[in-house]
Amino acid sequence: MKKIIVPFVLLFASVGSLNAQNKTITKFANTIKAEDLKKHLTFIASDSLKGRDTGSPEQKVAAEYIAKHFDSYGLRGIVGPEKSHFQLVDLVKRGWGEFYVKSANKTYRYLQDFITSNTAPINTEEQVELVFVGYGIDDARLNDFEGVDVKGKVIVVIDGEPRLADGSFMLSGTSEMSKWGKADSWKDKMAVAKEKGAKAMLIITKSSDEDFEKTIKQRQTMMKRFGNARMGFREDGEPKGADFAVLNISNAMGADLLGIDVATLDAAKAKTVETKKSVASLVKPKAAALRIERTIVPVETYNVLGFLEGTDKKEEIVVVTSHYDHVGVNDGKIYNGADDDGSGTVSVLEVAQAFGEAAKAGKKPRRSILFMTVTGEEKGLLGSEFYVRHPVLPLENTICDINIDMVGRTDKEHEGKPDYIYVIGSDKLSSELHQIMESNNNTYTKMELDYRYNDPNDPNRFYYRSDHYNFAKNKIPVAFFFNGVHEDYHQPTDDVEKIEFNKMEKRAKLVYYMTWELANRDKRIVVDSNKP
């Protein structure tokens, strides 16, 4: 009898222990509430924070709010000797001040009369000599530079390439594939110009001036939205390629600088190789003045870190991330970014609170957990990249990153359907991470897990567009949760009133359940794939 009874007793004890553990896990999961998410988001995405633009005073207010709540949950700061919650992300904003080309007749200004493909500083006005070199091609079949000294001068070229007598292009698509296989590439022309010692290059458009003006207006709209400056790391110095200026100019501007009328320029562009006439003989370039003033402004912005130390496996770290910046104010309209990524930010706060409550009740995780809201995502995933370049905790001890970016809405694909979330990247580096995510969803949250965007080759490229990717590049397994885009994405209408907090609560709970298992399992999850 005893031999039969003992296994049942052990089984009963095992089931009882498992049930007790599940009750403990669920107890703290239930501290994640829709009303608390709404309370946090009503502040984070309020008009008073003016869209949390990277480096803005209002973003600093959001950072202080997040840090204050990390403190209240019992999460420590771990940055620097002072053990701060704030990791300074050392950024600068590089932009352009006075930017113009002067002829004898007119001053042409950037984004009014011309645009650029590549830019390099000329901080004080310089008198420059212009040289016309046809299409700017140096090839065995066509050498526009033959007998022409361009060293230290600004060359003027025609976009594209000449045609043969039959109307076909001379170089593109030929069987002899040289570097001019795509002869209209400005990068090919720039490479030759730099090799010849030119100072800069002006490319006369092959479009009509009417179409070129439309292109300028499109660039104006883009620059108005994103600003005439780009953020980057101070330590990187000038962006790669910023040693040579390539300006795209209209036919009218080109004709003026070359001392001819537009009709003569059109005639020059119409010349075919077979005419054997020098295109250069038609033009009389003038001297000009050029200024490209570089501005560099420091940006003070921070990643906000809250650390919960583990117990027997505290050297290993689970990271939970979101970005708390958005795009600020444009044309007087506040882009509050309630979904992008206010929803992720407050989800991190609620998951952090749940673990803080568990720790206070004597249920600390075995592994340490780093909750981190990062800056600069909207400027190019800068905050998370800075962290992996300058990790506060060793990357080799970081077992995974769970990233939450837009989890408060429903996209058109799922309107009227059961609860869902898109999952991206969970299977790329660790099959165990993927299994843990699916198992916890099946056990607790029971949402549809949609893998539509999980293919790195998906044209939307979402896998590469949020902060998890900087961890994945370092072979750290990741899982990215995302509700998909909607009509309010990056619009001033992305407001708290449109957030579906009950759905958001369930999505935050899935992150919590996953993090609990990752932090408490016996073995670190395996990295069994090599796909970044």
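This is a predicted model: local features need pLDDT of at least 70, side-chain atom pairs count only at pLDDT 80 or more; totals for chains, interfaces and linings use all residues.
## Overall make-up and confidence

The protein chain contains 532 residues, of which 53% are buried. Its secondary structure comprises twelve helices and 17 strands. Among contacts between residues at least 6 apart in sequence, 81% join residues at least 24 apart.

The mean pLDDT of the chain is 90, and 89% of the residues reach 70 or more. Over residues 1–6, however, the pLDDT is below 50, and this stretch has one contact in the model beyond near neighbours in sequence. A further stretch, residues 174–178, also stays under 50 in pLDDT. For residues 174–178 the model has four contacts beyond four places in sequence.

## Helix α12 and its contact with α10

Two packed helices are described by the angle between their axes and the distance between the axes. Helix α10 spans residues 431–445 and helix α12 spans residues 501–520. Their axes come within 9 Å and cross at roughly 125°. The crossing of the two helices is right-handed.

On the α10 side, the contact is made by Leu433, Ile436, Met437, Asn440, Asn441, Tyr444 and Thr445. On the α12 side, the residues are Lys506, Lys509, Leu510, Tyr513, Met514, Glu517 and Leu518. Taken together, the residues of this contact divide into eight nonpolar, three polar and three charged.

## Helix α12 and its contact with α2

Helix α12 also packs with α2, at an angle of about 105° and with the axes 8 Å apart. The two helices are therefore roughly perpendicular to each other, since angles of 65 to 115 degrees count as such.

Helix α2 contributes Ala34, Leu37, Lys38 and Leu41 to this contact, and α12 contributes Phe501, Asn502, Met504 and Glu505. The residues involved divide into five nonpolar, one polar and two charged.

## His40 in helix α2

His40 belongs to helix α2, which covers residues 34–44. With a relative accessible area of 2%, His40 is buried, because the limit for a buried residue is under 20%. Apart from residues up to four places away in sequence, His40 touches Tyr65, His69, Tyr73, Val346, Leu349 and Glu350.

Ser343 is placed in helix α8, which runs over residues 338–360. At 0% relative accessibility, Ser343 counts as buried. Leaving aside neighbours within four places in sequence, Ser343 is in contact with Leu41, Ala338, Met406, Val407, Gly408 and Met504. Two of these residues, Leu41 of α2 and Met504 of α12, also take part in the contact between those helices. Ser343 and Ile499 are 156 residues apart in sequence, yet their C-alpha atoms are 8.2 Å apart in space.

Helix α8 also holds Asp341. The peptide bond from Asp340 to Asp341 is cis, with omega near -10°. Most residues other than glycine have a negative phi, and most peptide bonds are trans.

Lys475 has a positive phi of about 65° although it is not a glycine. Lys475 lies in the loop between α11 (468–472) and β17 (478–482). It is partly exposed, with a relative accessible area of 36%.

A positive phi, of about 55°, is also found at His490, which is not a glycine either. His490 lies in the loop between β17 and α12. Its relative accessible area is 9%, which means that His490 is buried.

## Pro298 in strand β9

Strand β9, residues 287–308, includes Pro298. This residue is exposed, with a relative accessible area of 55%, because the limit for an exposed residue is over 50%. Not counting residues up to four places away in sequence, Pro298 touches Leu91, Val92 and Arg234. Pro298 and Met231 are 67 residues apart in sequence, and the distance between their C-alpha atoms is 9.2 Å.

Conventions:
Residues are numbered from 1 along each chain as its sequence is written. Side-chain values use heavy atoms; hydrogens and water are left out. pLDDT is the predictor's confidence in each residue, from 0 to 100. Contact means heavy atoms within 4.5 Å. Axes are lines fitted to C-alpha atoms, for helices over the stretch in contact, and angles run from 0 to 180 degrees between N-to-C directions. Helices (H or I, at least four residues) and strands (E, at least two) are DSSP runs, numbered from the N terminus. A crossing is left-handed if the near helix is turned anticlockwise from the far one by less than a right angle, and right-handed if clockwise. Ala, Val, Leu, Ile, Met, Phe, Trp, Tyr, Cys and Pro count as nonpolar, Asp, Glu, Lys and Arg as charged, and the others, Gly among them, as polar. Buried means under 20% relative accessible area, exposed over 50%, partly exposed in between (1.4 Å probe, protein chains only). Angles under 35 degrees count as roughly parallel, over 145 as roughly antiparallel, 65 to 115 as roughly perpendicular and the rest as oblique.
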